[in-house]
Amino acid sequence: PELIVKSAIQKWNVYAKGFTISDAGLIDDIVKSVKISKYALESISYPLKKIYIPAFTGKLTLQVDAPENISRIFNMLIHYLEISGIGIKCSLGMGGFRIIK
């Protein structure tokens, strides 16, 4: 969960220059409130130009146990990941992220 939250915050801060999330205490509170409650991952080979690189695909269920203000910030970040993707190779087509309710 920490890597997901920190990737989301980094991408958000690049996008929303007037409303960045940089308070270390807030980031720590968000990270501590998120848990992975279920996951199903599958290894795949991702085609990149003329080679295939190891990657994975799957589903992940995140559970948030936090006060309303932290939950709202987390929800904003997670919804932004649908637009930005997650991780460092989004410009290459990796890091797709979709919320299923």
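Does Leu-81 count as buried or exposed, and at what relative accessibility? At 0% relative accessibility, Leu-81 counts as buried. This result and those that follow were computed from a predicted model.

The protein contains 3 helices and 2 strands. In sequence order, these elements give the pattern α-α-β-β-α. Along the principal axes, the C-alpha atoms occupy a box of roughly 45 × 30 × 20 Å. The protein has 101 residues, of which 29% count as buried. Contacts between residues at least 6 apart in sequence were also examined, and 55% of these join residues at least 24 apart.

Leu-81 belongs to helix H3. When its neighbours within four places in sequence are set aside, Leu-81 is in contact with Ile-4, Ala-8, Lys-11, Ile-86 and Phe-97.

The axes of H1 and H3 come within 9 Å and cross at roughly 75°. The two helices, H1 and H3, are therefore roughly perpendicular to each other, since angles of 65 to 115 degrees fall in that class. Sorted by class, the residues in the contact of H1 with H3 are 12 nonpolar, 1 polar and 1 charged.

Aromatic side chains were considered next. The whole structure holds 4 aromatic pairs. In one of them, the ring centres of Trp-12 and Tyr-80 lie 5.4 Å apart and the ring planes stand at 85°, so the pair is edge-to-face. The cut-off behind this label is an angle of over 60 degrees between the planes. Trp-12 is part of helix H1 (residues 2-15) and Tyr-80 is part of helix H3, so the pair ties together parts that are 68 residues apart in sequence. Both residues are shielded according to their relative accessible areas: Trp-12 is buried at 11%, and Tyr-80 is buried at 12%. The limit for this class is under 20% relative accessible area. Trp-12 and Tyr-80 also belong to one aromatic cluster, together with Tyr-15 and Phe-19.

Helix H3 packs with helix H2 as well. H2 (residues 24-33) and H3 (residues 68-84) pack at an angle of about 85°, and their axes are 10 Å apart. That angle makes H2 roughly perpendicular to H3. Leu-26, Asp-29, Ile-30 and Ser-33 of H2 make this contact with Ile-70, Ile-73, Phe-74 and Leu-77 of H3. The classes represented in the contact of H2 with H3 are 6 nonpolar, 1 polar and 1 charged residues.

Within H2, the buried residues are Ile-27, Ile-30, Val-31 and Ser-33. The buried residues of H2 pack against H1, strand S1 (34-48), strand S2 (51-64) and H3. A further feature is found at the start of H2, where a side-chain oxygen of Asp-23 reaches to within 3.1 Å of the backbone nitrogen of Gly-25.

Two loop residues were also described. Thr-20 lies in the loop between H1 and H2. With a relative accessibility of 38%, Thr-20 counts as partly exposed. Thr-20 and Lys-59 are separated by 39 residues in sequence, and their C-alpha atoms are 28 Å apart in space. Lys-49 lies in the loop between S1 and S2. The relative accessibility of Lys-49 is 83%, so Lys-49 counts as exposed. Although Lys-49 is not a glycine, it has a positive phi of about 60°.

Methods. Residues numbered from 1 in each chain as written. Predicted model: local features only at pLDDT ≥ 70, side-chain atom pairs only at ≥ 80, totals over all residues. Heavy atoms only, no water. Axes fitted to C-alpha atoms, helices over the stretch in contact; angles between N-to-C directions. Helix = DSSP H or I, 4+ residues; strand = E, 2+ residues; numbered from the N terminus. Parallel < 35°, antiparallel > 145°, perpendicular 65-115°, else oblique. Contact = heavy atoms within 4.5 Å. Nonpolar A, V, L, I, M, F, W, Y, C, P; charged D, E, K, R; others polar. Phe/Tyr/Trp six-rings, centres within 6.5 Å; stacked < 30°, edge-to-face > 60°. Buried < 20%, exposed > 50% of the residue type's maximum accessible area, 1.4 Å probe, protein only. Polar contact = N/O pair within 3.5 Å; in protein donor to acceptor, adjacent residues only side chain to side chain.
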